[in-house]
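Here is a short briefing to read alongside the structure. Keep the viewer open and follow along as the topics go by.

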Amino acid sequence: MRRSFFCPSCGARVEFMWSSSVQTTCEYCHSILVRRDVDLTLVGKVSDLPPDVSPIQIGTEGRIKNQNFTVAGRIIYEYDGGAWNEWHLILSDGNSAWLSDAQAQYAVTVERAITPLPDQAEVYPGKRYKWDSVIYEATAITHANYRGVQGELPFEYWDKERATFVDLRAPSGGFATLDYSDEVPKLYVGDILDFDLLQMTNLRTFEGWS
């Protein structure tokens with residue numbers, strides 16, 4: 001069910017499209033807003049975002065594993081190799097997923113509540129882990145800077161600075177990420193997919209993209 005509020009900074013109408021969303025950004029003044037009970041709290045401002053060469057945008061729709069999805073928001077990160085987007089997807093069953101969009105490589109993952117997860121200090125490329133009967137091997141460790149947010153997110157995420165992520169691959173083609181951006185690590189599992197398999201519509205058009 002959609003909920004409407006007025007931005008406490010500029011007074012513009014702010015609408016949460018999904019009941020599970022906790023945080024959003026005002027389209028007019030770029031305030032970061034957090035929903036707490038029946039109140040909307042101003043917690044910060046979005047700085048100028050880096051240039052975006054992705055065709056995906058808020059409102060893009062697609063399909064994955066027999067479920068439709070809508071892009072509701074994103075978190076932007078920068079690292080030595082450039083920048084990438086973590087798009088927040090709302091699935092047709094009401095659950096959330098994430099679409100990682102980095103250098104034209106796309107991975108869709110969902111959070112798995114598995115404990116305990118390894119400490120960051122003990123993870124290194126080549127180390128293997130077994131989750132849900134699948135063996136994953138750590139392939140890359142990325143130290144990134146939080147760069148900004150846009151749209152709706154299922155949790156508060158606005159006061160970060162640095163984050164570390166570990167990418168893992170499975171021989172079957174599965175993909176996983178260990179997220180060390182908070183004190184308690186999180187695990188996301190899914191697949192790397194070709195762009196066309198996501199069947200996306202309402203994409204952003206710009207020079208150089210076809």
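The notes below cover salt bridges, cysteines and nonpolar cores, in that order.

Please keep in mind that this is a predicted model. The count of salt bridges comes to six, while a search of the whole structure turns up zero disulfides. The largest nonpolar core holds 17 residues, and a second, separate core has 15.

**Salt bridges**

- Lys65 pairs with Asp191, and their closest N and O atoms are 3.0 Å apart. This pair links distant parts of the chain, 126 residues apart: Lys65 lies in the loop between β6 (61-64) and β7 (67-79), and Asp191 in strand β15 (residues 186-193).
- Arg112 forms a salt bridge with Asp132, with 2.8 Å between the closest N and O atoms. Here, too, distant parts of the chain are linked: Arg112 belongs to strand β10 (residues 105-112), and Asp132 to the loop between β11 (128-131) and β12 (134-151), 20 residues apart.
- Arg112 is partly exposed, with a relative accessible area of 30%, and Asp132 is also partly exposed, at 45%.
- Lys127 and Glu122 meet through their side chains in a salt bridge of 4.0 Å, N to O. Lys127 is partly exposed at 23% relative accessibility, and Glu122 is partly exposed at 35%.

- Cys10 is in no disulfide, and the nearest cysteine sulfur, that of Cys29, is 3.7 Å away. Cys10 itself is partly exposed, with a relative accessible area of 39%.
- Cys26 counts as buried, at 3% relative accessibility.

**The largest nonpolar core**

- Which residues touch the most other members of this core? They are Ile75, Tyr77 and Val149.
- Several strands contribute: β4 (31-36), β7, β9 (96-102), β12 and β13 (162-169) each supply at least two residues. The largest share, three residues, comes from β12.
- Leaving aside neighbours within four places in sequence, Tyr77 is in contact with a list of residues that includes Gly82, Ala83, Trp84 and Glu86. Also among the contacts of Tyr77 are Ala144, Asn145, Tyr146, Arg147, Tyr157, Ala163 and Phe165.
- As background, nonpolar side chains tend to be buried together in soluble globular proteins.

**The second core and Val123**

- The separate core of 15 residues includes Val123, Ala176, Leu187 and Val189.
- Val123 is found in the loop between β10 and β11. Is this residue buried or exposed? At 7% relative accessibility, Val123 counts as buried, because the cut-off for buried is under 20%.
- Beyond residues up to four places away in sequence, Val123 touches Pro118, Tyr129, Ala138, Ile141, Val166, Leu178 and Tyr180.
- For a sense of scale, Val123 and Gly59 are 36 Å apart in space, C-alpha to C-alpha, and 64 residues apart in sequence.

Terms used:
Residues numbered from 1 in each chain as written. Predicted model: local features only at pLDDT ≥ 70, side-chain atom pairs only at ≥ 80, totals over all residues. Heavy atoms only, no water. Helix = DSSP H or I, 4+ residues; strand = E, 2+ residues; numbered from the N terminus. Buried < 20%, exposed > 50% of the residue type's maximum accessible area, 1.4 Å probe, protein only. Disulfide = S-S within 2.5 Å. Core = buried A, V, L, I, M, F, W, Y, C linked by side-chain atoms within 4.5 Å. Contact = heavy atoms within 4.5 Å.
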